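Have the sequence and the 3D view open side by side. Find each residue as it is named.

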Amino acid sequence: MADKTFNTPAGQTIAREQLIAYLNTGTAANPVWSILGTRVEDSSAEYDWNTSSKRDIVGKTHGSMRKPIVTQSFEPCELDSGETALVYLYNRAIVDQDAQALAHQDLLIVHGYAGWAERYASSMVEVTSLGGEGGGDLGMPINVTYGGTRTLGTVSVDSQTGAITFTPDA
Amino acid sequence: MDTTITNTERRTVDVDIQIAASRAIRAWLNTYSDKPATVGMEYLPDDYGMTLTVTETPYKLKSYIGGGYLAAYECDLIYRTIPVNDDERMTADETLNEMANWAVQNAQSLTIDGATIKKISRQAPALLSARYSNGAEDHTVHLQIIFEVK
């Protein structure tokens with residue numbers, strides 16, 4: 001596979017909003033990609049490569065890695081009736097407490113700065129709490145573990161509706 | 001010359017939003033039925049009037065990973081009048097305080113293109129802020145308007 005390139009000018013850093021995660025609040029066949037991270041100031045995908053190393057008898061160190069387990073936290077995730085992803089998760093986690101459904105969520109990470117996206121068809125979305133400070137907003141922080149079949153592709157955005165469409169690579 | 005931008009320096013709001021906010025806030029203040037005069041923008045006649053002044057460039061309080069932000073618009077509402085005694089002087093402050101109370105309680109009726117109002121607050125009551133040789137006095141109340149751009 002050819003290396004990806006960044007579509008930004010050399011010498012210019014990349015805005016954080018060029019990397020966005022979406023949750024499928026529709027169906028697998030007809031996905032509706034709803035944004036994750038509204039009102040979240042800081043969130044990063046963490047890569048655990050399960051590294052190990054050993055030194056052989058001739059003194060050389062050998063390392064090994066495995067495919068990463070990618071996790072990401074989003075908080076505070078202040079509830080808002082206009083935030084489709086949060087309403088969706090609220091119903092499955094707080095109302096239904098449907099653990100099986102929450103362990104099988106369809107997520108999309110869009111790398112806008114490099115023109116590609118990755119879909120994780122069976123990710124785990126854990127709602128870790130519901131509440132917040134007195135006088136503040138009601139928050140519902142979540143932890144995501146991306147998983148299941150990983151499909152690379154591209155996205156297009158409907159100029160009128162803003163709807164995201166993911167197209168897998170051939 | 002040290003041009004380092006530190007984390008403690010505030011990030012200013014998009015100019016389009018700044019302009020929209022000023023126009024919207026002034027127009028909205030003028031819907032208050034008990035104001036003593038029409039609220040202008042950064043100008044006052046020599047003897048009597050009201051005006052809105054921006055005390056610092058609107059700045060971001062929080063920046064979100066999706067590109068949106070929470071911001072603050074800091075402004076003074078000034079009432080210029082020529083009181084003839086202390087009672088009239090106090091009435092000027094009371095008038096401003098009532099208008100500021102209305103603003104705080106009716107924050108959700110303010111609309112700014114491209115933004116959502118979260119809260120209007122003030123930290124201090126109206127006060128005499130300036131006096132002029134013609135006897136005119138400026139009474140001022142400071143408002144902070146918190147809004148969100150998604």
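This report covers strands, the interface, one glutamate and salt bridges.

## About the model

This is a predicted model, where local features need pLDDT of at least 70, side-chain atom pairs count only at pLDDT 80 or more, and totals for chains, interfaces and linings use all residues. Residues are numbered from 1 along each chain as its sequence is written, chains are lettered from A and ligands numbered from 1 in the order in which they are written, and side-chain values use heavy atoms, leaving out hydrogens and water.

## Strands in chain A

Look at strand β10 (residues 150-157) of chain A. Strands are DSSP runs of E with at least two residues; helices are runs of H or I with at least four; both are numbered from the N terminus. Two strands pair if DSSP finds at least two bridges between them. Strand β8 (residues 116-127) of chain A is antiparallel to β10(A), and four bridges join them. Within β10(A), A:T151 is the bridge partner of A:R119.

β10(A) also runs antiparallel to strand β11 (residues 164-168) of chain A, with five bridges. Here A:I164 in β11(A) stands opposite A:V157.

## Where the chains meet

Chain A gives 14 residues to the contact, and chain B gives nine. Contact means heavy atoms within 4.5 Å. About 930 Å² is buried between the chains, and carbon and sulfur atoms give 52% of that area. Buried area is the accessible area (1.4 Å probe) that two parts lose on being put together, summed over both. On the side of chain B, the residues losing the most area to chain A are B:Y64, B:I65 and B:K150, together 64% of what that side buries.

Three salt bridges cross this interface. A salt bridge is a side-chain nitrogen of Lys or Arg within 4 Å of a carboxyl oxygen of Asp or Glu.

## A buried glutamate

B:E148 is found in strand β6 (residues 137-149) of chain B. Is B:E148 buried or exposed? B:E148 is buried, at 3% relative accessible area. Buried means under 20%, exposed over 50%, and partly exposed in between (1.4 Å probe, protein chains only).

The side chain of B:E148 makes a polar contact with the side chain of B:Y64, at 3.1 Å. A polar contact is a pair of N or O atoms within 3.5 Å; within protein, one must be able to donate a hydrogen and the other to accept it, and residues adjacent in sequence count only if both atoms are side-chain atoms. Leaving aside neighbours within four places in sequence, the contacts of B:E148 include A:R39, B:Y69 and B:L70.

## Salt bridges

The structure holds ten salt bridges over all chains. A:E83 pairs with B:K150, the closest N and O atoms being 2.8 Å apart. This pair crosses between chains, from the loop between β6 (69-74) and α1 (84-95) of chain A to the segment after β6 of chain B. A:E83 is buried at 7% relative accessibility, whereas B:K150 is exposed at 55%.

A second salt bridge joins A:R150 and A:E118, again with closest N and O atoms 2.8 Å apart. These residues lie 32 apart, in strands β10 and β8 of chain A. A:R150 is partly exposed at 45%, but A:E118 is buried at 2%.

In chain B, B:R89 and B:D86 form a salt bridge, with closest N and O atoms 2.5 Å apart. Shared partners join A:R39, A:D80, A:E83, B:E148 and B:K150 into one salt-bridge network.
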